[in-house]
Every structure is written in C-alpha cells, then in structure tokens.
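Here is a guided walk through one chain, written for someone with the model open on screen. Please keep the viewer at hand and turn the model as you read.

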Amino acid sequence: MGREEESRRILVICFAAALLALGAAFFLWHAAGETKEEPLPVVELSGKEYSRTLLVYVTGAVRQPGVYELPLGSRFFDAVKAAGDVLPYAVMEDINMAEPLSDGMKIHIPLDPEQVDARGSGLISINAASAKELEALPGVGQVTAEKIIRYREEHGRFSSKEELKKVPSIGEGRYKKMADKITL
C-alpha cells in the first residue's frame, strides 16, 4: 500500500498544481481585460508660441552673425536681412536667397578668399584676408600671417582693428606700422 498511497499523493499534488495554474491564468486574463487605458495628459505651452517661429543661425559674411528668431515661412533673404545684410565681399552666387527656412538651420554666407579690398579703399581686411594677402602688410611674414588666421579661427572675427594686438608677436610697434593699411 505504500506505493498506491504515494501515487495518490502525487496525483493530488498534480491536480492541485493544475488548479492553481488555471486559477492564476484566469485571474491574469480577467485582469488584463479590465485595464482601462488613461489618455495621455495634454501639455500646453505658456508664454512663447514655439510652433509659429523658427530659430536660424546665420554666420559668415554678414554684418551681425548670430541666432535669429523668425516667423514660420521665412526665407534665406529674411534671415540675412535680420543679420544686418551681407558684407561687400560676400560670395552670393551659390546662395538661393528664396529658399525656405527650417527650424535649427545654419546659413553660412562665404567670404571671397581672394578679396583684399573689402570696401574699395585699398585696405586689407583682417577678417577676410588670406595668409598671402596678410603678408603684404608691413612687418607681417608667413608666420605672423598664420598666427592672425589662427587667432581669427579660435576667437572669431576681429571686432576692432586694435584687437589685432592680441595676436602673439604683434605688439604696439608692429601694429602702428600696419594700422592705416588694415580694415575689418
């Protein structure tokens, strides 16, 4: 009788396990059917209406490079006007001024690298001149011309002619020799 009793015990345990599994399955199925999806909360922006404007970054040969907020539907022309218009030595052949803008766009107006005289005055633009053009200045050789360009790349456009004195190896004396031959 020991074996028969053990078989019954195993049968009872299996039966109980099956009932437990069926009960759990029914509970899960029933609970899944009752879940109600709540709608996502609606978030309203207060203050600025971002959907009606876009931000555009304008760089290069414009009077005031920077980030500008413009109305939706604006074009390159509007962004360039917001940045104070192009400089006289801007290269505009490849720029489509009628192109529509998109939010986050960067517009770069290139400079003419061969342009020495930005305003027709015979002056060399320290913001636009190439190394070769800078070498035409008194007291500026290849090494100093490269330092000017490196400074310009690291710090951005010169905001004044006097800022040229911040370039390593250009002191007051060297600056005085070239001051009347340079422009921004």
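Predicted model: local features only at pLDDT ≥ 70, side-chain atom pairs only at ≥ 80, totals over all residues.

Residues are numbered from 1 along each chain as its sequence is written, and side-chain values use heavy atoms, with hydrogens and water left out.

Let us begin with confidence. The score used here is pLDDT, the predictor's confidence in each residue, from 0 to 100. Its average over the chain is 79, and 82% of the residues score at least 70. Confidence is lowest in helix α1 (residues 2–34), with a mean of 74, and highest in strand β2 (residues 66–71), where the mean is 94. Please take care over residues 116–120, where pLDDT stays under 50. For that stretch the model has twelve contacts beyond four places in sequence, a contact being heavy atoms within 4.5 Å.

Now for the layout. The chain has five helices and five strands, and along the sequence they follow the pattern α-β-β-α-β-β-α-α-α-β. Both kinds of element are DSSP runs numbered from the N terminus: helices are H or I with at least four residues, and strands are E with at least two. Of the 184 residues, 27% count as buried; buried means under 20% relative accessible area, exposed means over 50%, and partly exposed lies in between (1.4 Å probe, protein chains only). Among contacts with a separation of 6 or more, 42% are between residues 24 or more positions apart.

Next, find strand β1 (residues 53–60), which runs antiparallel to β2 and is joined to β2 by six bridges. Two strands pair if DSSP finds at least two bridges between them. A hairpin of five residues leads from β1 to β2, and V56 has Y68 in β2 as its bridge partner. Strand β1 also runs parallel to β3 (residues 105–109), with five bridges joining the two. There, Y57 stands opposite K106 of β3.

Where does the largest pocket draw its lining from? The elements that give two or more residues are β3 and α4 (142–155), and α4 has the largest share, with three residues. The lining has 15 residues in total, of which H108, L111, N127, R152 and R157 lie nearest the centre of the pocket. The volume is about 300 Å³. A pocket here is an open set of points on a 1 Å grid over the protein atoms alone, where a 1.4 Å probe fits and protein lies on both sides within 12 Å along at least five of seven lines; lining residues have an atom within 4 Å of a point.

Finally, some single residues are worth a look. S125 belongs to strand β4 (residues 124–125) and is buried, at a relative accessible area of 1%. A polar atom of the S125 side chain lies 3.2 Å from the backbone nitrogen of A128. D85, in the loop between α2 (76–82) and β3, has a positive phi of about 80 degrees although it is not a glycine. With 29% relative accessibility, D85 is partly exposed. S169 sits in the loop between α4 and α5 (172–178), and its phi is near 80 degrees, a positive value in a residue other than glycine. S169 is partly exposed too, with a relative accessible area of 40%.

How values were computed. Polar contact = N/O pair within 3.5 Å; in protein donor to acceptor, adjacent residues only side chain to side chain. Points joined across faces, edges and corners; volume = space filled by probe spheres on them.
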